[in-house]
Amino acid sequence: MQDGLEGKVALVTGASRGIGHAIAERLVAGGMKVALVARTKAELDANAARLGANAFAHAADLREAAACTAAIDATLAHFGHLDLLVNNAGATKRGAFADLADGDFFDGFALKFHACVRLTRAAWPALKARGGAIVNIIGAGGKTPAPDFTIGGPVNSALMNFTKAMAQLGNRDGVRVNAINPGSIETQRLTGRLEAAARAAGIPLDEARKRNLAELNVPRFGTPAEIAEVVAFLAGGRAAYMQGALVDVDGGVTRGLF
Ligand SMILES: NC(=O)c1ccc[n+]([C@@H]2O[C@H](COP(=O)([O-])OP(=O)(O)OC[C@H]3O[C@@H](n4cnc5c(N)ncnc54)[C@H](OP(=O)(O)O)[C@@H]3O)[C@@H](O)[C@H]2O)c1
């Protein structure tokens, strides 16, 4: 059975690399037209060129309120309508609590939480008009707090709450709102974290990877494509009865029920 995405239009934030790039690739492969949004224009243009006429690059710093509305407007102007918003961009700082300043917290919330809220607000009328969907890429850290993730954890918890709240409005307005909680996924973000751990412990990168997997008690890290596949499922007709779902795609790292 097909995803039912052919000819539909998506906006994917954080689509210059990592999980967002894989999502954009998967949606274009599924027949969608996709607006790619992130800050780095050169990377977006290269991705759009690779994906062909069904991809459109829009460079924006989504921490700025006006940039969120402008990204939705640009997508509507380019493709004519909007069926799917994927809120994926996020860059919360990890580290010892004592080393994190107010600015780090504000910055983390500005992108991952407030941009999601603003994009949702700006996209809602267009999604309502099309019976569309939202998929929020959140993170396992929102369910399992950790002392080195005091920004990302609360941001992710807030986004899960927001997803559930918007799902209730979604039932009124005909918009499905669901979320994915990735575990540790092989992207530059993960590599950077493991490199820092290797440096701090004075061990090779490969050893840091093995130690992290052992700590997490998972057999391997996930791939961006594995997250993208679930986005395509949640966005498509086979998930028509999924509303407000928080789907763990984390190799089993989340051990509790909630
Ligand atoms: N990788 C993991 O293990 C993992 C685990 C759980 C959750 N997640 C979540 O999944 C999402 C994607 O993670 P990832 O690992 O793919 O991250 P990544 O490789 O660091 O990519 C982040 C993306 O966000 C964009 N971005 C960063 N700051 C931005 C801004 N101010 N305005 C607009 N775009 C911005 C980046 O592009 P520019 O720098 O060009 O703007 C990039 O496209 C994030 O929300 C992350 O929290 C990831």
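This is a predicted model: local features need pLDDT of at least 70, side-chain atom pairs count only at pLDDT 80 or more; totals for chains, interfaces and linings use all residues.

User: Where does Asn217 sit, and what makes its backbone worth a look?

Analyst: Asn217 is in the loop between α7 (205-216) and α8 (224-235). Its phi is near 60 degrees, which is a positive value in a residue other than glycine.

User: How do you know what radius of gyration to expect for a compact globule with 258 residues?

Analyst: The globule rule is 2.2 Å times the number of residues to the power 0.38. For 258 residues that gives a value near 18 Å, and the protein has 18 Å, so the two agree. As for its extents, the C-alpha trace spans about 55 × 40 × 40 Å along the principal axes.

User: What share of the residues counts as buried, and what makes a residue buried?

Analyst: The cut-off is under 20% relative accessible area, and 51% of the 258 residues count as buried.

User: What is the fold built from, and how many contacts join residues at least 24 apart?

Analyst: There are eight helices and seven strands. Take the contacts between residues at least 6 apart in sequence: 69% of them join residues at least 24 apart.

User: And how far apart are the mean positions of the positive and negative charges?

Analyst: They are 4 Å apart, for 28 positive and 24 negative charges.

Definitions and conventions: Residues are numbered from 1 along each chain as its sequence is written. Side-chain values use heavy atoms; hydrogens and water are left out. Helices (H or I, at least four residues) and strands (E, at least two) are DSSP runs, numbered from the N terminus. Buried means under 20% relative accessible area, exposed over 50%, partly exposed in between (1.4 Å probe, protein chains only). Contact means heavy atoms within 4.5 Å. Lys and Arg count as positive and Asp and Glu as negative; His and the chain ends are not counted. The place of a charge is taken as NZ of Lys, CZ of Arg, CG of Asp or CD of Glu.
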